Amino acid sequence: MAATTPPKVVFEHEGVFIHSSPDECEEQDLISGILRITDKDGETLVEYKPLEDADPSNMLCACKDSNSVVEWTQSSENKPHRPVDHQLSYETEWDMINAVSFRRKAHSHGEGGSNHVNDRNKWAFSFNVSDLRSITVKREGWSYLIFSLKDGTALPTIHFHQGGSTAFLDSLRKSVQISESPDDESILFVSTFSKAFSQSFENLLDDVNYGIVKKFRKDPYTTTVGGFSKVTNYFFDAFRVPDSECHQRPAEEIADPMGELIPGLEINQQEEPGFEVITRPDLGPRPEVQRKGPVTMEEWIKYQDSEGRMKNVSHIKEFIFKGGLCHAVRKEAWKFLLDYFPWNSTHEERKDLQKRKTDEYFRMKLQWKSVSEEQERRNSRLRDYRSLIEKDVNRTDRNNKFYEGLDNPGLILLHDILMTYCMYDFDLGYVQGMSDLLSPILVVMENEVDAFWCFVSLMDEMHENFEEQMQGMKTQLTQLSTLLRLLDLAFWNYLEAQDSGYLYFCFRWLLIRFKRELHFQDVLRLWEVMWTGLPCQNFHLLVCCAILDSEKQKIMDRKYGFNEILKHINELSMKLDIEEILGKSESICMQIKNCKNLPHSVSEMLGLTTATESSAALETSEYGILESPRSTHGQDQVVSNGHSHLKETTHNGCKVAFIS
């Protein structure tokens with residue numbers, strides 16, 4: 001007889017309460033329990049179970065006029081602080097001081113344990129998410145949820161006195177579609193839809209019907225092309241308008257999504273299906289560009305004043321863009337390019353900054369190093385983060401001398417930095433691919449603390465690439481398709497005819513910035529060039545266009561279909577010429593910039609100036625983009641969208657937006 005498959009716990013949160021009486025009273029009992037979302041045999045269940053070890057004497061007390069489940073009091077014992085040895089200030093053991101306690105409600109009844117168990121069991125419930133109609137979210141000092149099932153079954157209201165309601169709803173969104181009511185924003189309507197569209201990218205990889213895609217989850221960057229093609233089907237379905245929606249709406253109301261993105265492109269739908277006439281601007285010839293040699297240490301030093309401030313930042317960035325950096329310069333220059341060091345800081349200011357950042361880093365590191373095995377057993381998220389990091393670290397760049405061999409110190413540093421990042425951003429934690437982004441930075445920095453803060457800056461820019469909804473990836477794939485359609489309509493039409501118009505095969509390129517496509521040294525060169533912000537914003541999208549431009553003739557002449565295109569692109573790994581790619585990418589940017597009737601959306605996407613902006617009193621580089629405010633001394637407000645930053649600064653009394 002086949003063994004029963006145990007349910008997989010997707011979400012678990014302790015300290016979720018049910019109020020024993022729905023009526024307001026001076027004091028009432030709170031039933032403490034565990035809320036779970038489980039997945040078994042393709043069915044997703046929500047279940048609540050009162051804690052088994054909860055006894056009447058430990059029932060918490062919540063008063064009507066209090067927003068807290070417990071009454072916090074200062075601990076009576078004042079533990080003295082241990083003096084910190086100066087030589088060990090960065091690796092000291094911090095005292096864990098228990099400064100609070102809570103008062104528990106004394107049980108007023110004399111019932112035995114058996115009666116109490118029966119009382120607790122009546123509060124347990126479980127339901128399939130497909131039976132859920134809506135969720136009402138209320139806040140009364142804390143958040144509480146009211147479930148409404150389709151059959152009208154009444155369920156107890158669950159209270160999140162200790163937080164966790166947002167995490168619960170986020171986990172639930174992996175299995176169902178949740179949308180706000182147009183009449184009452186506190187009511188969330190729940191509906192199930194096609195698996196490929198409804199599940200998040202992570203859940204899709206768990207689907208038993210995608211066996212080969214599971215390999216993608218284990219190693220998303222070296223999986224066979226056959227498996228990778230199935231992953232792209234997820235994005236294909238996610239972008240495709242549902243057939244039912246097409247039937248419900250008149251044809252003239254169904255807008256072309258690409259046309260909406262480029263208002264400057266006039267799209268005329270024809271009666272004959274599959275054809276459209278597109279009026280687009282004339283881009284003109286593609287200019288030739290010349291690459292230069294890397295910036296040497298002597299040249300780098302010339303751009304520093306006597307106190308260490310960088311001079312003519314726009315010029316040094318242009319030189320870095322044109323030729324990159326000598327390896328000896330990277331350790332210092334990358335800290336500026338990644339905004340760890342301010343460009344106008346002195347040597348002394350940078351030393352003070354490093355000292356503060358070192359203390360801050362080790363405080364966060366001690367948070368996870370201080371967690372005992374017993375604590376970790378009760379923290380599933382930390383446990384999962386650690387497990388995934390350990391797996392990925394052991395297979396990241398193991399052919400590189402910095403990481404090769406058993407018990408390599410480089411692997412320990414890679415592990416520790418990623419674990420500490422989980423403490424820095426616990427909501428995101430660790431996602432596969434992040435080790436690929438950290439590895440080159442650690443090799444260059446050869447320092448744990450400096451590598452961490454440079455990695456933090458890079459992740460601030462690429463955060464949305466790794467979020468559960470992957471909005472950053474979807475945005476970039478759409479933008480890339482927009483650019484390719486503008487640059488080469490014939491090639492874009494060919495890809496569209498092969499169901500490849502949204503360029504899913506570029507997914508890995510964008511996710512980890514070509515880390516698995518280029519040799520290690522070429523990755524260093526490409527990254528430092530892109531970090532200059534020149535010759536335009538979102539330059540990595542033009543790098544994609546340059547690679548596709550080099551391969552388009554072969555793809556079209558050989559009449560590659562969907563799978564052949566995926567296979568061909570995948571096999572380009574480690575065969576690309578970085579200098580040729582950078583030269584062509586810059587040339588494409590100049591071609592676009594020289595276009596007189598460039599659609600505003602494309603100009604905005606690439607951060608290019610218009611003729612009016614160019615005449616304004618703003619400092620611009622030879623590439624015609626707004627100079628990044630990072631090189632100024634003003635206050636900046638930064639908003640990240642996962643693949644670029646929008647910064648606002650004040651110039652001569654006027655607010656100016658910068659895209660960098």
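Contact here means that heavy atoms come within 4.5 Å of each other. Keep that in mind while you look around this model, which is predicted.

**A serine and its surroundings**

Let's start with S439, which has its place in helix 16, the run covering residues 434-445. Is S439 buried or exposed? With a relative accessible area of 0%, S439 is buried, because buried means under 20%. And what does S439 touch, if you leave aside its neighbours within four places in sequence? The answer is T396, D397, Y403, L414 and F520.

The model has 26 aromatic pairs by the rule used here. In one of them, the ring centres of F402 and Y403 are 5.0 Å apart and the planes sit at 75 degrees, so this pair is edge-to-face, since over 60 degrees counts as edge-to-face. How do the two residues sit in the protein? Y403 is buried, at 0% relative accessibility, while F402 is partly exposed, at 21%.

Elsewhere, there's an aromatic cluster to find: F11, Y48, F125, F127, F147, F160 and F168 form it together.

**Charges over rings**

| Arginine | Ring | Distance to ring centre |
|---|---|---|
| R291 | F321 | 5.7 Å |
| R485 | W492 | 4.6 Å |

R291 lies over the face of F321, and R485 has its charged end over the ring of W492.

Note on methods:
Residues numbered from 1 in each chain as written. Predicted model: local features only at pLDDT ≥ 70, side-chain atom pairs only at ≥ 80, totals over all residues. Heavy atoms only, no water. Helix = DSSP H or I, 4+ residues; strand = E, 2+ residues; numbered from the N terminus. Buried < 20%, exposed > 50% of the residue type's maximum accessible area, 1.4 Å probe, protein only. Phe/Tyr/Trp six-rings, centres within 6.5 Å; stacked < 30°, edge-to-face > 60°. Lys NZ or Arg CZ within 6 Å of the ring centre and 35° of its normal.
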